Amino acid sequence: MSDSDITLKEEELVEQEFQALLNDYSQSIHRQKVEIIIKAYHFAKQAHKGVRRRSGEPYIMHPLAVARIVIKEIGLGSTSICAALLHDVVEDTDYTVEDISNLFGPKIASIVDGLTKISGGVFGAQASEQAENFRKLLLTMSEDIRVILIKIADRLHNMRTLEFQPVEKQYKIAGETQYIYAPLAHRLGLFNIKTELENLSFKYEHPETYAEIEQKLLLSKEAQLASFEEFAAPIRQKLTDMGYEFYLSERIKSVYSIWRKMQTKNIPFEDIYDLLAVRIIFTPKPDMSEKDQCWMIYSALTGIYKPHPERIRDWISTPKANGYEALHVTVMGNNGQWVEVQIRTQRMHEIAEKGLAAHWKYKTGVADETELDKWLRSIKDILEHPEPSAVDFLDTFKLNLFASEIFVFTPTGEIKTMPQGSTALDFAFMLHSELGLSCIGAKVNHKLEPLTYVLKGGDQVEVLTSQQQQPQQEWLDYVTTAKAKSALKAFFRGEDRKYIRKGEDMYAHILKKHNLMEQQEAVLHRTMRFYNAQQPRQLMLQIGKGIISEEELEKVVLPKRKSSWRRFIPFISNTNEQTDDNLVTDNNPETTDIPVSNKKQLVLTEENIGSKYHIAACCHPIPGDEVLGYCDSEGNITIHKRNCPKADFLKSSDGKNIYSAIWETHRQNTFIDTIELRGIDRVGIIIKVINIISQDFKINIHDLHISAEGGIFNGIIQMYVYDTTELQQLCDAIRKIQEIQSVQRISNI
Ligand code: MN
C-alpha cells in the first residue's frame, strides 16, 4: 500500500465516523443545528491535521468518538457536541480560546476553556498539585456541568483505548479513573458509564484477575441467557395480558462488580448466584400514576416468582440523589437461583441510562430543585470557602463522592439524602450552616442524642439549637460531610478572632479593677482550670462571646472567700450507746403499707441522729424520706429508707426488730445526698449548676464528677442538704437550665 492509499482509507474512516455522529444526533430529541456541528468538525479536523494518536489513528478520531459518547451515551445537545469536537484544540494546537469564541460563540468557547484547564488530570506529582487540579475540576463543573460531562466522555474514550498507552501511563490513568471519574459519573447518574469506567480501570490494574473472571463469565454466559429466556416467558405473557407496552432486557454483572462481590463477601466466583439481572421497562398507561403501575407489575411478577422478603428497594418513593428511580426486587427463578428484577418506566430508564441530561429533558420548566442541583450548589458553597489545606479539601470531598446514601426525615416528614456515616451534626449543617454552628444535639426518633450520633436510614431527626452554642475544635471529628467540614473550618478561621480580642479586653479590665495584674499568671491558670480551657484563647473566646459573663468571671478571678460550711451528720458512728429509751409508743400509724411494726415509732431529731440513731450508709436517707429503723442484736438502731434493699432483707429476716420512724428535724443539720445530671455539654454550664447550688441555695458541695462525651455531659454531685424538700427545690431549679435534660437523685454511688 502506498502512503496515499493509507490517507484515502483513513479519510474514509474519518468521514464514516462523522456521518455516524450526525446520524446519532439526528435520532436525538435535540433541535437540529447541524451546521455548527459540521463547522466544528471541519475546524477541529484541520487543526489536528497530520497528528496521530498512539494507536496510529488520525487524531480527529478521538474528538469524534468523544462527541459520539456525548450525544449517544449522555444525551447532550449541539453546544456540547461542538465543545467535544473542539476539546483538544486549544491544548494541542496554536488556536486560542478567543479564536474559538470568535468562530463558535462564547458558550462553546467557555466550555472548551474549562476542559483545557482541567486537562492536566487530577493526579499531579504532589498531593498539593492533585488537590489543586481537583479544585479546578470542581470549579469548572460548578460553572457549567457540561464541562465535567464532556470530560467524563473524554476519559471514557481514553479508557477504551488505553491499551495503546505505555504501562506506567496505564496505571496512572486507570487509577485516576477509579479514584475520581467513576465516582463522579455515579454521582451524576451515569450508571452505565460508571460501570464501564470501573471495569476498564480494574482490567488495567489487575489484568490477570480480570482475565480469569472474564473467562469464567464467558463459560457461564450461555447458561445464563438460556435461563433468562425461560425466566422471562411467563413475565412477558402476564404483562401482555395486562395490556402493557414493554420490553425485557437482561444484564450480566460486570467483571469488576463480580470481583468486588467476591472480595467483600469472601466467596469464590461459583458462589455468586445473581450474575443475571433482568429489567422490565414499560410505557405507563396515562390514567394512573407511574408509581402505582410499578407496584402493579411488582405484584404480577411476585405472583409468578417468589420474592426475597428482604430485598426490595423502592427508589420510586425516594429516588437516589443522582435522580435514579426504579423498583428493585429479587425473586427466585425456576432453577432455584435468585434473580434481581428492576422495574422501570421508559422515563425512569432514560434517567438511569443517561443521568443528568435526561433529567433536564424531563424537567418541565418547574422550578423544583433536584437532588443533583442541590449537590452542585453544595459544591459551590464549598468552593466559596476555600480551605488553606487543599489536601484536606480533596479528602473530604472525595469521601462524599464515594459514600453511599441513606435517607433521613425532618420532623415534618421531608426526606433528606445524607452520605452514609453522617452524624446529627452533619445533618444540621446540611440543612443550614447556621443550624450546624448552633447545634446542641438532636432528637432522633424523639429521643435526645448527642451531636455525634451516626444517622441510620429512616431516622427522623430534629435539630436542637441554642443561641449560645459555640462550635468546638473537636467538632471537626464529628462531621464527615464536606459541607460541614468547610463551614466549621471557615468559622474557626474567621469568626473567632474578633471575639478573642474582645474577651482579652474584658479580662484585662477585670484584673485591673481588682488589682490582680501582678498575679496575672496564677489567676489565668486558675481561671483556665476552672473553665476547663486548654488554651487562653479558648477562655478569651468564651468571655468575648459573652458565654462567661463579666459578673461570673469576677467571682472566679477573685481569691476564694471562706465558705460557711454547714454542720453535717455522718452516716455511721461507732457509738454503742444504749437505745432502749429512744423507743416510743406508736401513735402515728399513717405510713404503713409495709410490714413495719406499728407498736413503736422512732422520732428522729437533730439531737438523736448520729448519736442514738445512725443513718444507714447503704441508702443514706435524709429528712423527708420514708424511713424505718432496725435494731440489731447489740441494740444499735440504723435508719434505712423504706425501699432500701437491705431493709427489705431485714424486714423478712428480722421483722420483729424493725421500727417505723418519722423525722422531726428543724433544718439545723445537713445530710449528704447525691444527684445525677445529664445535659448538653457546654462551657459555662457547670458554673451555672454550681451557682444554683452554692449561690442560690447555699448548699455545700462535697464531691463533683463531670464526664463529657460527644457533647453530652454527665455530672454526679454529692452535697449536704437539709431535707428532701430542699433537694426537690434544688433539682427543680437546675432543671430550668436550658441545656439540662435530666436531674435525678441517686441512692447508691
Ligand atoms: Mn481528549
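**Figure 1. Contacts across the protein chain in the predicted model.** In this predicted model, 68% of the contacts in the protein chain between residues at least 6 apart in sequence join residues that are at least 24 apart. The protein chain contains 28 helices and 21 strands, and buried residues account for 51% of its 749 residues. Its accessible surface amounts to about 36400 Å², and carbon and sulfur atoms contribute 50% of that area.

**Figure 2. Protein donors of the manganese ion.** The manganese ion has as its protein donors His 62 and His 87, each through NE2, together with Asp 88 and Asp 154, each through OD, at 2.2 to 2.6 Å from the ion. Along the sequence, these donor residues follow the spacing H-x24-H-D-x65-D.

Figure 3. Ile 686, Leu 704 and Ile 706 together make a nonpolar surface patch of about 200 Å². One of these residues, Ile 706, belongs to strand β19, which covers residues 700-709. Ile 706 is classed as partly exposed because its relative accessible area is 36%, a value that falls between the limits of under 20% for buried and over 50% for exposed residues.

How values were computed: Residues numbered from 1 in each chain as written. Predicted model: local features only at pLDDT ≥ 70, side-chain atom pairs only at ≥ 80, totals over all residues. Heavy atoms only, no water. Patch = residues over 30% accessible without salt bridge, like charges linked within 9 Å, V, L, I, M, F, W, Y side chains within 5 Å. Areas by Shrake-Rupley, 256 points an atom, 1.4 Å probe, with all protein chains shown as cover. Salt bridge = Lys/Arg side-chain N within 4 Å of Asp/Glu carboxyl O. Helix = DSSP H or I, 4+ residues; strand = E, 2+ residues; numbered from the N terminus. Buried < 20%, exposed > 50% of the residue type's maximum accessible area, 1.4 Å probe, protein only. Contact = heavy atoms within 4.5 Å. Donors = N, O, S within 2.8 Å, 3.2 Å for Na, K, Ca; no water.
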